[in-house]
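Good morning, colleagues. I would ask you to look at the model on the screen while I go through its sheet, its ligand shell and its core.

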Amino acid sequence: MSHMVLSVTSVNKSFGDVVILRGVSLSLAPGEVVALTGESGSGKSTLLHMIAGLEPVDEGEIIIDGSNLAGMRDSASAALRREKIGIVFQQFNLIPSLTVAQNLTFQARLSGKTADAAALAASLGLTDHLDKYPEQLSGGQQQRVAIGRAIAASPKLILADEPTGNLDEQTGDHVFDLLLSAARDQNAALLIVTHSTRLAARADRRKHLSRGQFQ
Ligand SMILES: Nc1ncnc2c1ncn2[C@@H]1O[C@H](COP(=O)(O)OP(=O)(O)OP(=O)(O)O)[C@@H](O)[C@H]1O
């Protein structure tokens with residue numbers, strides 16, 4: 001299925017004696033939004049980290065836009081991550097010493113791409129905040145900057161790990177909508193972890209992790 005942006009096939013993962021994932025498979029087509037749910041400790045973050053190449057896979061295969069992560073050196077998986085993947089975390093992880101405009105474009109520059117801070121800011125409602133520093137922004141505004149940074153290099157795949165977890169419900173809904181429309185605008189696949197069944201309902205598909213497997 002070479003047209004898939006992400007193919008996870010029969011992945012197993014343990015930490016020591018503790019089995020976290022057993023034979024997990026998942027595919028995302030371009031532009032597809034999949035919500036990943038599961039109780040605390042079910043392995044959602046671990047799965048995202050493996051897809052991002054930040055955590056080794058014990059068995060099974062992960063292919064990102066045709067590139068197999070298996071056996072890839074750290075430098076190659078870092079390059080793949082910069083090139084193809086945008087990541088949004090629960091904590092906004094902005095660089096405090098950089099302005100909003102600089103935070104938006106910094107990572108795209110690292111991968112040799114140009115990013116239009118003004119256009120990104122306009123699409124995320126941040127135009128009035130471009131010259132501010134993260135500490136001068138609300139949580140919802142900071143998360144919108146983090147979304148802008150994640151999409152600045154036009155990734156094929158966006159991984160979002162509870163991106164609304166630190167936001168109140170109304171702000172979280174708005175940020176969730178912005179993330180979905182940003183992904184759809186770019187035809188990027190989006191895998192989004194959420195504890196909210198209400199937000200998960202807005203995805204194209206839902207996958208629920210329980211006892212190491214999808215239910
Ligand atoms: N580096 C590690 N070493 C050992 N155990 C780990 C490690 N990382 C995660 N775990 C364990 O693996 C399990 C899955 O963790 P993970 O963070 O993937 O769950 P999660 O579904 O994302 O949980 P939450 O919803 O609370 O964020 C947990 O029991 C956790 O304690």
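I shall begin with conventions and then turn to the strands.

Numbering starts from 1 along each chain as its sequence is written. The model is predicted: local features need pLDDT of at least 70, side-chain atom pairs count only at pLDDT 80 or more, and totals for chains, interfaces and linings use all residues. Helices (H or I, at least four residues) and strands (E, at least two) are DSSP runs, numbered from the N terminus. Two strands pair if DSSP finds at least two bridges between them.

Let us take the open sheet. It is formed by six strands in the order β6-β7-β8-β3-β9-β10, with mixed pairing. Since β6 (85–88) and β10 (213–214) stand at the edges, each has a single partner strand, so one side of each is left without a neighbour in the sheet. Strand β9, residues 205–210, runs antiparallel to β10 and is joined to it by two bridges. Opposite F214 of β10 stands L209. Helix α1, residues 44–51, packs on this sheet and touches β3 (33–38), β7 (157–161), β8 (189–193) and β9. Contact here requires C-beta atoms, placed from the backbone, within 7 Å. The direction of α1 makes about 150 degrees with that of β7; axes are lines fitted to C-alpha atoms, for helices over the stretch in contact, and angles run from 0 to 180 degrees between N-to-C directions.

Which residues lie around the ligand? They are F15, I20, G38, S40, G41, S42, G43, K44, S45 and T46, where near means a C-beta atom, placed from the backbone, within 6 Å. Helix α1 gives the most to this shell, three residues.

Next, the strands β1 and β4. Strand β1 (residues 6–15) pairs with β4 (residues 59–64) in the antiparallel sense over five bridges, and S7 has I63 as its bridge partner in β4. I63 also stands opposite N68 in β5. In the hairpin of β4 and β5, with two residues between the strands, D65 takes a positive phi near 45 degrees.

Finally, the core. A nonpolar core is a set of buried Ala, Val, Leu, Ile, Met, Phe, Trp, Tyr and Cys residues joined through C-beta atoms within 7 Å; buried means 20 or more other C-beta atoms within 10 Å of a residue's own. In the largest such core, of 60 residues, I158, L179 and L190 touch the most other members. Helix α6, residues 169–186, supplies the largest share, six residues.

Conventions:
Contact = placed C-beta atoms within 7 Å. Buried ≥ 20, exposed ≤ 12 C-beta atoms within 10 Å, placed from the backbone.
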